[in-house]
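Dear colleague,

I am passing on the structure we spoke about, and below it I have set out what was found when it was examined. Please read the notes with the structure open beside them.

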Amino acid sequence: MLQSLYDFWVAAAGSTPLEWVAVLTGIACVWLAARESLWNFPVAIVSCGLYVVVYHGARLYADRNLQVLFILMSLYGWYEWLYGGARKTELKVSRTRPFEWVLLLVGVALFTFGFGYYLQHYTDDSLPHWDSLTTAISLAAQYLMMRKRLENWWLWILVDALYVPILWHKELYPTSGLYAVYLVLATYGYLEWRRAEAKAKADSITSAPLPVS
């Protein structure tokens with residue numbers, strides 16, 4: 001009995017300290033993003049670098065490769081948040097355009113089936129199509145976050161809900177727990193960004209010149 005409890009504790013504590021560092025930096029990254037802090041990008045780069053190693057060991061290759069893309073996208077997003085607004089000003093929270101939704105939906109579908117087929121037939125990926133689906137949604141969410149689109153949090157909530165059971169199934173217990181925390185943080189991020197959007201609209205109305213009578 002004691003041995004069984006010990007084995008469960010070792011499993012729940014994670015296979016390596018590296019995973020725990022990745023978990024903690026991941027939580028910090030999402031919290032900073034919810035607060036619209038630019039520091040979310042350097043912290044994200046560190047966390048994603050660690051998860052390249054973690055996911056490779058778990059044979060989740062699409063998620064491993066996703067971390068590399070996240071690093072590149074974080075570098076670009078860092079620049080966009082600083083200079084992506086009007087006249088190279090700080091980017092403000094905005095809504096996703098209809099054509100962006102169409103492109104993202106088509107992209108997610110093509111990536112899921114195409115890359116899922118590749119993983120199923122040419123690698124030993126343990127969950128090829130689920131792996132591809134979560135990767136595709138994550139890329140779509142990251143794109144919207146780079147552009148400071150409010151709805152990026154909708155996609156993060158969806159993908160976090162998928163990751164929790166997938167990662168638990170792969171015995172990555174701390175990381176599964178991390179995505180449960182992400183669900184809460186993504187909801188918090190949505191509420192914070194919605195307030196920021198409302199405030200920006202109110203400020204723009206207040207600062208607009210009065211009509212000449």
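The lining of the largest cavity draws at least two residues from each of α2 (17-34), α3 (40-57), α4, α6, α7 (152-169) and α8 (173-207). Please bear in mind that this is a predicted model. Among these helices, α3 provides the largest share of that lining, with six residues. A search of the whole structure finds one cavity of 30 Å³ or more, and the largest cavity holds about 390 Å³ of space. There are 26 residues lining the largest cavity, and those closest to its centre are Cys29, Val30, Phe70, Trp156 and Tyr182. Sorted by class, the lining of the largest cavity consists of 18 nonpolar, seven polar and one charged residues.

**The largest pocket**

The largest pocket contains about 170 Å³ of space. Its lining is made up of Glu36, Glu90, Leu91, Lys92, Val93, Lys148, Ala196, Glu197, Lys199, Ala200 and Asp203, and by class the residues of this lining are four nonpolar, no polar and seven charged.

Threonine 123 sits in the loop between α5 and α6. Its relative accessibility is 24%, so threonine 123 counts as partly exposed, given that buried means under 20% and exposed over 50%. A polar atom of the side chain of threonine 123 lies 2.7 Å from the backbone oxygen of leucine 119, and the side chain of threonine 123 also reaches the backbone nitrogen of aspartate 125, at 3.1 Å. Leaving aside residues up to four places away in sequence, threonine 123 touches Tyr61 and Tyr118. Threonine 123 and arginine 59 are 64 residues apart in sequence, while their C-alpha atoms are 9.2 Å apart in space.

With best wishes

Technical notes. Residues numbered from 1 in each chain as written. Predicted model: local features only at pLDDT ≥ 70, side-chain atom pairs only at ≥ 80, totals over all residues. Heavy atoms only, no water. 1 Å grid on protein atoms, 1.4 Å probe; cavity = no way out; pocket = protein on both sides within 12 Å on 5 of 7 lines; lining within 4 Å. Points joined across faces, edges and corners; volume = space filled by probe spheres on them. Nonpolar A, V, L, I, M, F, W, Y, C, P; charged D, E, K, R; others polar. Helix = DSSP H or I, 4+ residues; strand = E, 2+ residues; numbered from the N terminus. Buried < 20%, exposed > 50% of the residue type's maximum accessible area, 1.4 Å probe, protein only. Contact = heavy atoms within 4.5 Å. Polar contact = N/O pair within 3.5 Å; in protein donor to acceptor, adjacent residues only side chain to side chain.
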